Amino acid sequence: LRNTSTLIASLLPGVPVFPSLGDMDFVPSASDPGPSRRQWLTDAAAEAWAQWLTQEAVTSLKWGGYYQVSLEAWSLRVVVLNTEVC
């Protein structure tokens, strides 16, 4: 996560990026192990992606793997779902 996030940030400076977790982030796929067993992943994602997110979004990402960010300049709200539970 950290290496990829650093690469994306270096290739797209100043561009908002909104990464998400998905069903292929666990083995076997589509097997969400529950909040206590996925905490390592949501914490790592929140740390790696904090450069693009608000503190509220980081907190939500750590808790459930999802978040929302408002882009007021564009009158837009980005909602990022945690699809690993689908």
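Two residues are in contact when heavy atoms of theirs lie within 4.5 Å. In the protein chain, residues 24 or more positions apart account for 52% of the contacts with a separation of 6 or more.

The structure is a predicted model, in which local features need pLDDT of at least 70 and side-chain atom pairs count only at pLDDT 80 or more, while totals for chains, interfaces and linings use all residues. Residues are numbered from 1 along each chain as its sequence is written, and side-chain values use heavy atoms, with hydrogens and water left out.

## Overall layout

The protein chain has three helices and two strands. Helices (H or I, at least four residues) and strands (E, at least two) are DSSP runs, numbered from the N terminus. Along the sequence they follow the pattern α-α-α-β-β.

Of the 86 residues of the protein chain, 34% count as buried. Buried means under 20% relative accessible area, exposed means over 50%, and partly exposed lies in between (1.4 Å probe, protein chains only). The protein chain exposes about 5,700 Å², and carbon and sulfur atoms supply 59% of that area. Accessible areas come from the Shrake-Rupley method with a 1.4 Å probe; for residues, only the protein chains shown count as cover.

## The nonpolar core

In soluble globular proteins, nonpolar side chains tend to be buried together. A nonpolar core is here a set of buried Ala, Val, Leu, Ile, Met, Phe, Trp, Tyr and Cys residues joined through side-chain atoms within 4.5 Å. The largest such core has 17 residues, and those with the most contacts inside it are Leu21, Trp49, Leu53, Leu61, Tyr67 and Val69. At least two residues of this core come from each of helix H2 (35–49), helix H3 (55–64), strand S1 (67–71) and strand S2 (76–80). H2 gives the largest share, five residues.

Tyr67 shows how parts of the sequence meet. Not counting residues up to four places away in sequence, Tyr67 touches Phe18, Pro19, Leu53, Ala57, Ser60, Leu61, Val78, Val79 and Val80.

## Around Tyr66

Several features involve Tyr66, which counts as partly exposed at 34% relative accessibility. A search of the whole structure finds one aromatic pair. The rings of Trp63 and Tyr66 have their centres 6.3 Å apart and their planes at 85°, so this pair is edge-to-face. Rings of Phe, Tyr and Trp (its six-membered ring) pair if their centres lie within 6.5 Å; planes under 30 degrees apart count as stacked, over 60 as edge-to-face and the rest as tilted. Trp63 is exposed, with a relative accessible area of 64%.

Ser60, in helix H3, is in contact with Gly65, Tyr66 and Tyr67, leaving aside its neighbours within four places in sequence.

Asn82 lies in the segment after S2 and is buried, with a relative accessible area of 9%. Apart from neighbours within four places in sequence, Asn82 is in contact with Leu21, Arg38, Gly64, Gly65 and Tyr66.

| Side chain | Backbone oxygen | Distance |
|---|---|---|
| Ser60 | Tyr66 | 2.7 Å |
| Asn82 | Gly64 | 2.8 Å |

Leu81 is also found in the segment after S2, but Leu81 is exposed, with a relative accessible area of 57%. The C-alpha atoms of Leu81 and Tyr66 are separated by 4.8 Å, the two residues being 15 residues apart along the chain. Leaving aside neighbours within four places in sequence, Leu81 is in contact with Ser20, Leu21, Gly65 and Tyr66.

## Salt bridge and loops

The count of salt bridges comes to one. A salt bridge is a side-chain nitrogen of Lys or Arg within 4 Å of a carboxyl oxygen of Asp or Glu. Glu47 forms it with Arg2, the closest N and O atoms being 3.4 Å apart. Glu47 lies in helix H2 and Arg2 in helix H1 (residues 2–11), so the pair ties together parts that are 45 residues apart in sequence. Both Glu47 and Arg2 are exposed.

Ala50 lies in the loop between H2 and H3 and counts as partly exposed, at 33% relative accessibility. From C-alpha to C-alpha, Ala50 and Ser5 are 10.0 Å apart in space.

Ser75 is found in the loop between S1 and S2. Although Ser75 is not a glycine, it has a positive phi of about 50°. At 72% relative accessibility, Ser75 counts as exposed.

How values were computed: Polar contact = N/O pair within 3.5 Å; in protein donor to acceptor, adjacent residues only side chain to side chain.
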